[in-house]
Amino acid sequence: MRPMQENIKVLYFANKCLEPYVMIITGNDSVKPRWSVCSSEEGNRSEGEEPEDILPVLRNHSQLLNDQHIESLANHIPARTQGYPWNLVYSTAIHGTSLKTLYRQMAHIDSPVLLVIKDMEKKVFGAFSSHPFRVSDCCYGTGETFVYSFDPAFKAYRWSGENSYFIRGHMDSLQIGGGGGLFGLWLDADLYYGASFPCHTFNNQPLSTQQDFTVQDLEVWTVQ
């Protein structure tokens, strides 16, 4: 059944997280290091001239991300994750549509991940998570976590500081952001139906074209 707004409110209050051990990161991530560039032209660069930024290396082909998407996201992920190649951990095109499989693919990962979704309206959006997705009794994650959308211009919604409901994983749903009875991003067990509403964690606008959406494709990448 398609998740309606009132159902999500009930689900949220039934699983409300008050995790006392959430680590908060408030450091300034706006200082972006340059990507390292190895080139025969290095020695011909004028003194004081900075090397041009380059896109991060994707070790796998993405069906969802083009160069514009990659550049925008690379400029907004935390400084500590920049300069690393991106590795595809999960793709509905490869692994099928199962949240259980997504969790299994991340069982041995200990690094931030980037969630990318394309809905049936062809809109691309998702979330950067400071931690890999897993089943949890309480909320986890840090203030590095954010949600984003291309509408078509890129817009990132960072942590508001109002609560720490960053991420929570259940076998039947994945929840990112919360507050006010609504999730910033919600996915069902089949990674087919989702929802996105304004939430207090990120003070975001709905990420998808419609607040309730159907997933066309989904990818998860490690970025460190």
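The model is predicted, so local features are taken only where pLDDT is at least 70 and side-chain atom pairs only at pLDDT 80 or more, while totals for chains, interfaces and linings use all residues. Residues are numbered from 1 along each chain as its sequence is written, and side-chain values use heavy atoms, with hydrogens and water left out.

**The largest core**

Begin by selecting L102, F133 and L218, which touch the most other members of the largest nonpolar core, a set of 29 residues. A nonpolar core here is a set of buried Ala, Val, Leu, Ile, Met, Phe, Trp, Tyr and Cys residues joined through side-chain atoms within 4.5 Å; buried means under 20% relative accessible area, exposed over 50%, and partly exposed in between, with a 1.4 Å probe and protein chains only.

Next, colour the elements that each supply at least two residues of this core: β1 (87-91), α4 (99-105), β2 (113-119), β3 (124-129), β7 (173-176), β8 (185-188) and β10 (212-222). Of these, β10 gives the most, with 4 residues. Helices (H or I, at least four residues) and strands (E, at least two) are DSSP runs, numbered from the N terminus.

Now centre on L218 and show its contacts, meaning heavy atoms within 4.5 Å. Leaving aside residues up to four places away in sequence, L218 touches L64, Y90, S91, T92, L102, L115, V116, I117, L187 and L191. Apart from this core lies another, of 18 residues, and selecting L73, W86, L88 and F146 will show some of its members.

Move to the loop between β4 (146-150) and β5 (154-157), where P152 is found. The peptide bond joining D151 and P152 is cis, with omega about -5°.

Then select K122, in the loop between β2 and β3, a residue that has a positive phi of about 70° although it is not a glycine. K122 is exposed, with a relative accessible area of 53%.

L191, in the loop between β8 and β9 (193-195), also has a positive phi without being a glycine, with a value near 50°. Is L191 buried or exposed? At 1% relative accessibility, L191 counts as buried.

Finish at C138 and C139: C138 is partly exposed at 31% relative accessibility, whereas C139 is buried, with a relative accessible area of 8%. The structure holds 0 disulfides, a disulfide being a pair of cysteine sulfur atoms within 2.5 Å.
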